[in-house]
Structures are given as C-alpha cells and as structure tokens.
Amino acid sequence: MAPLSYEEVKALSVEQLRERFGKERSDAIAVNGINHVAWVSSDMARTIWFWSEGLGLRLTKTIALPDGGQHFFLDGGNGASVAYFWFPNAPKGQPGLTTIDLSNLASGNFSTAHGSVNHVAWNVDADRLREYRKRIAALAVGFVSPMLYHTDETETGYAASRDENTTWESFYFTGPDGEYLELTAQTPRPFTPDGAALAAAHAGHRMSKGGDDPMSLDPNVRIQDKDFFDNFSATDFDLDYPKVTQESS
Ligand SMILES: [Fe+2]
C-alpha cells in the first residue's frame, strides 16, 4: 500500500481509519509494551508515601538531577516503571489542563489539555479490584470512583454490573498531584471493531450521588490526611534529596 500523506489521512472517516489502520503491518516498529510513564511530582516524599508506603510498590531507582531535582522510579509490574520527576521549580498543575478537574466529573467532563496524559491504567487481577479500591480509598489522598463495568452495549458506555458484554472492569482514582489513575481488568471478551457507545463511553464518568457505595458519594471529595502529612518526615526514607515542604492548595 502506498503511504498516505497527513492530508489524505485527515480526509478519512473513522470507519476508513479502522479499515486502513486496523490490521497489523509488517513495517511496524516492534514495541514491547510500556517501559515507563513519567509524571511530575510536587512533593517526592508524598508521592513515595502514596505508591510505596500506601500501595507497596518498590522504589527501584532515584536519579539526581543537576538542578537538585530527582527522577525516581517505582516497580510498575511486568518490567514497566511508574516514574516521576521532582523539579524544584516546576509550575503548579492546573485542574482541567494538566489533570482532570474533579469538580467537572459529575457533568461528564473529564477533558485535559492537548498533550497531557488524561489517565493511565494498570492491569490487575479482576478478583483483587475491590480490595485494592478499598485500600486506595483508605489512603484518603483524593478521589476514588465506584467500580465501573465498561461495555459497548449501553448509551453511557457503562453497565450496572459485570455481564458477558463487559470489556473492562475498573475504577479510577487520583494520585497525590491529581494524576488520574485507573486499575483495570480487561475481560476476555474480544473488542468489537467500533462501538457506538464508545463515542459516549467516558460520559459514564458521570458519577451519580447516592447508591449504596459510601466511596462514590461525592465526586468532589478531596481528602487530605493533614495529620499524617504534618507529622511526616521525608527523612524516614534513606534518600538523598532536599526536604520538600507540603504546600496546601
Ligand atoms: Fe481508561
């Protein structure tokens, strides 16, 4: 097949995009999954507390940056790392641009700025999802969504419970800097090539108040365990980096 120019690709419909690009190509670069995703942390101690103390991920490497900052890595499973930069003078994040704006979640708006990473999802075993969700909620760092059952079969892209049409079973949560994260279990159900509902899919981020799930009641909830952070010392970790003070926003 002759290569297409950007203008030619731009002229294609979504159906034509699937037709043209929905199959494996012999000239593809051979990527073997993700090595690391790197976020920017406002507070290295807090980020490590969340991932290592809270969720048990091993701190695998720290790299001192020339400006006094740090680049650090946590074991993200299967050879992948969860990586962060701590830049001493990085600008503050802005909800709605660098991260999703939790206050817009109830209306189904979860957009972020061009070039931002909207969210990152990790595979976990389906039978651990609920336990992990409780564990993350107990850290009281930020938002934790209800359990979600993704499907192509409903208008919202979500179903009330797992059934034979479930594509992913997952929940979303925020990290210490509002980074939007997801733990997911993809079902063996094969992808359908399109998904009418996919257009509206993440509108299912609309999280209704009420229900029997105490952790899903308020999408605006941002809890900070102030007591913990007030008494938290970065020197608890054997790391050589300047102590960062917690800034409350
Ligand atoms: Fe996702």
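In which sense do β6 and β8 pair, and over how many bridges? The pairing is antiparallel and extends over four bridges. The points below place this pair of strands in its surroundings.

1. Overall composition. The structure is a predicted model. Its chain contains five helices and nine strands, and these follow one another along the sequence as α-α-β-α-β-β-β-β-α-β-β-β-β-α. Of the 249 residues, 22% count as buried. Among the contacts with a separation of 6 or more, 57% are between residues 24 or more positions apart.

2. The four-stranded sheet. An open sheet of four strands has the order β1-β4-β3-β2, and its pairing is mixed. The edges are held by β1 and β2; each has a single partner strand, so one side of each is left without a neighbour in the sheet. On average, neighbouring strands of this sheet are turned by 20 degrees against each other, direction ignored. Within the sheet, β3 and β4 are antiparallel and are paired over six bridges. Phenylalanine 72 stands opposite tyrosine 84, a residue of β4. Helix α3 packs on the sheet and touches β1, β2, β3 and β4, with a direction that makes about 5 degrees with that of β3.

3. Helix α3. This helix spans residues 44-54 and is mostly covered, eight of its eleven residues being buried. Those buried residues are Met44, Ala45, Arg46, Thr47, Ile48, Trp49, Phe50 and Trp51. They pack against β1 (36-41), β2 (59-64), β3 (70-75) and β4 (81-86), and also against α4 (129-139). After the helix comes glycine 56, which has a positive phi near 85 degrees.

4. The five-stranded sheet. A further open sheet is formed by five strands in the order β5-β9-β8-β6-β7, with mixed pairing. Here β5 and β7 (158-159) stand at the edges; each has a single partner strand, so one side of each is left without a neighbour in the sheet. The pairing of β6 with β7 is antiparallel and comprises two bridges. Histidine 150 is placed opposite tyrosine 158 of β7. Helix α4 packs on this sheet, where it touches β8 and β9, and its direction makes about 10 degrees with that of β8.

5. Strand β8 and its partners. Strand β8 is mostly covered, with eight of its nine residues buried. With β9, strand β8 runs antiparallel and is joined by seven bridges; phenylalanine 171 has leucine 183 of β9 as its bridge partner. The two strands β8 and β9 form a hairpin with five residues between them, and glycine 178 in the turn has a positive phi of about 80 degrees.

6. The nonpolar cores. Which residues have the most contacts inside the largest nonpolar core? They are Ile100, Phe143, Val144, Leu148, Phe171, Tyr172 and Phe173, in a core of 14 residues. At least two residues of this core come from each of β6 (148-151), β8 (166-174) and β9 (180-186). The most is given by β8, which supplies three residues. Apart from this core lies another, of 13 residues, which includes Trp49, Trp51, Phe72 and Leu74. As for tyrosine 172, its contacts beyond the neighbours within four places in sequence are His119, Ser145, Tyr180, Leu181 and Glu182.

7. Valine 124. Where does valine 124 lie? Its position is in the loop between β5 (120-123) and α4. Why does valine 124 count as partly exposed? The reason is that it has 17 C-beta neighbours inside 10 Å, whereas a buried residue needs 20 or more and an exposed one has 12 or fewer. Leaving aside neighbours within four places in sequence, valine 124 is in contact with Leu129, Tyr132, Leu183 and Ala185. Valine 124 and glutamate 169 are 45 residues apart in sequence, and their C-alpha atoms are 10.0 Å apart in space.

Definitions and conventions:
Residues are numbered from 1 along each chain as its sequence is written. This is a predicted model: local features need pLDDT of at least 70, side-chain atom pairs count only at pLDDT 80 or more; totals for chains, interfaces and linings use all residues. Two residues are in contact if their C-beta atoms, placed from the backbone, lie within 7 Å. A nonpolar core is a set of buried Ala, Val, Leu, Ile, Met, Phe, Trp, Tyr and Cys residues joined through C-beta atoms within 7 Å. Two strands pair if DSSP finds at least two bridges between them. Axes are lines fitted to C-alpha atoms, for helices over the stretch in contact, and angles run from 0 to 180 degrees between N-to-C directions.
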